[in-house]
Amino acid sequence: MATKRFMTLPRHILEGERLHPEATGELSSILLQLGLAAKLISLEVNKAGLVDILGFTGSSNQSGDEVKKLDIYAHETLIKAMDHGGHFCVMASEEEGDIIHIPANHKIGKYVLLFDPLDGSSNIDANVSIGTIFSIYKRVSEGTGPGTLDDCLQSGYNQVAAGYVVYGSSTILVYTAGHGVHGFTLDPAFGEFLLSHDDIKIPKHGRIYSINEGNYFSWDKGLKDYIKYLQATQFEGKPYQARYIGSMVADVHRTLLYGGIFMYPGDKRNAKGKLRLVYECNPMSFIIEEAGGRATDGMQRILEKKPEGLHERTPIYVGSVEDVLLVEKFLREAEE
Ligand code: AHG
Ligand code: MN
Ligand code: MN
């Protein structure tokens, strides 16, 4: 690859494609189009706090336009940006119960797009980081007609690409197409994503654990023991630190950069936890594994689970290899 200075997302994608002569360029145009959708959502997210000041109350603004909840806006923006390129046979979104078909007048392609349009949306009003998560598969259904539910319910190891965008102190897009994990920060002046984090590798062990400790009394013994162990132990001469943003996308992004572990366990009230396998856990696990980390539900690799429903939930332990192995050990020992 050429010099990394001023490496834009489009240039990075095109140069990556040149290294793979077998590539048809389709995946590149999908990623570019996702980058465009991310810019549109980012702009809207940045305006979120102005809604009241500008007099946008109720369900319509002064010009009569409907004011949409931000997660619905993000959902619709992604569909509008992605449904007409001819690349997809079916899509599915965390915001919609069923699969989303490609409109009748558009070409049908061989890829499948799954997304959580806005993750962490309960944080919006407090200006806390939120994000978009996406996951791309090849169709498994035969033929060239509309895609099916089965296309959307593939195990995570079939992903051909996955990524996320965090709308935080700056907007960053992180993606993998199976050849490393790369991060691009949005320059608000140019409106361009610039390579800021090349070939990200997650540390083997970290000092940060991330979990909603408010659920402590519902946890299983193994998890309670693990957290108590971390609180009483030092790593490299310093105590462990707890960090929990409450947006999985942002918590996992921090985990990717600094190492450590993010957990959303199953507990006595919700055996499968809260996070969704298809929209949240599979893409984030693919990225973390591609960066050298580990992601399991405590017993099984997330990417090997076979989803049975679009909105199925799963417990998740994801992050640095050594940290995830350790929690698995605690969970196993408590079972014995
Ligand atoms: P979403 O906004 O897409 O519904 O997801 C919210 C999720 C996830 O982002 C976060 O990790 C989790 O909810 C936080 O849940 P708790 O409030 O139970 O900790
Ligand atoms: Mn979510
Ligand atoms: Mn969401």
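Modeller: Domain 1 (4–197) and domain 2 (208–335) each give at least three residues to the shell around ligand 1, with domain bounds taken from an automatic or database domain assignment. This is a predicted model, where local features need pLDDT of at least 70, side-chain atom pairs count only at pLDDT 80 or more, and totals for chains, interfaces and linings use all residues. Residues are numbered from 1 along each chain as written, chains are lettered from A and ligands numbered from 1 in written order, and side-chain values use heavy atoms, without hydrogens and water.

Colleague: How many residues surround ligand 1, and which are the closest?

Modeller: There are 16, and the closest are Glu94, Asp119, Asn212, Tyr244 and Tyr264. To count, a residue needs a heavy atom within 4 Å of the ligand.

Colleague: Which element gives the largest share of that shell?

Modeller: Strand 3 (residues 111–119), with 3 residues. Strands (E, at least two residues) and helices (H or I, at least four) are DSSP runs numbered from the N terminus.

Colleague: What about polar contacts?

Modeller: Those are pairs of N or O atoms within 3.5 Å. Glu94 puts a polar side-chain atom 2.8 Å from an oxygen atom of ligand 1, and Lys274 has one 3.0 Å from an oxygen atom of the ligand. With Gly120, a polar backbone atom is 2.8 Å from a ligand oxygen. Of the 480 Å² of accessible area that ligand 1 has on its own, the protein covers 82% (Shrake-Rupley method, 1.4 Å probe).

Colleague: Switching topic: how many cavities of 30 Å³ or more are there?

Modeller: The structure has 1. On a 1 Å grid over the protein atoms alone, a cavity is a set of points where a 1.4 Å probe fits but cannot get out, and lining residues have an atom within 4 Å of a point. The largest cavity holds about 40 Å³, a volume being the space filled by probe spheres set on the points.

Colleague: Which element gives most to its lining?

Modeller: Helix 2 gives the largest share, 4 residues. The lining includes Leu34, Phe134 and Tyr167, and divides into 8 nonpolar, 1 polar and no charged.

Note on methods:
1 Å grid on protein atoms, 1.4 Å probe; cavity = no way out; pocket = protein on both sides within 12 Å on 5 of 7 lines; lining within 4 Å. Nonpolar A, V, L, I, M, F, W, Y, C, P; charged D, E, K, R; others polar. Polar contact = N/O pair within 3.5 Å; in protein donor to acceptor, adjacent residues only side chain to side chain.
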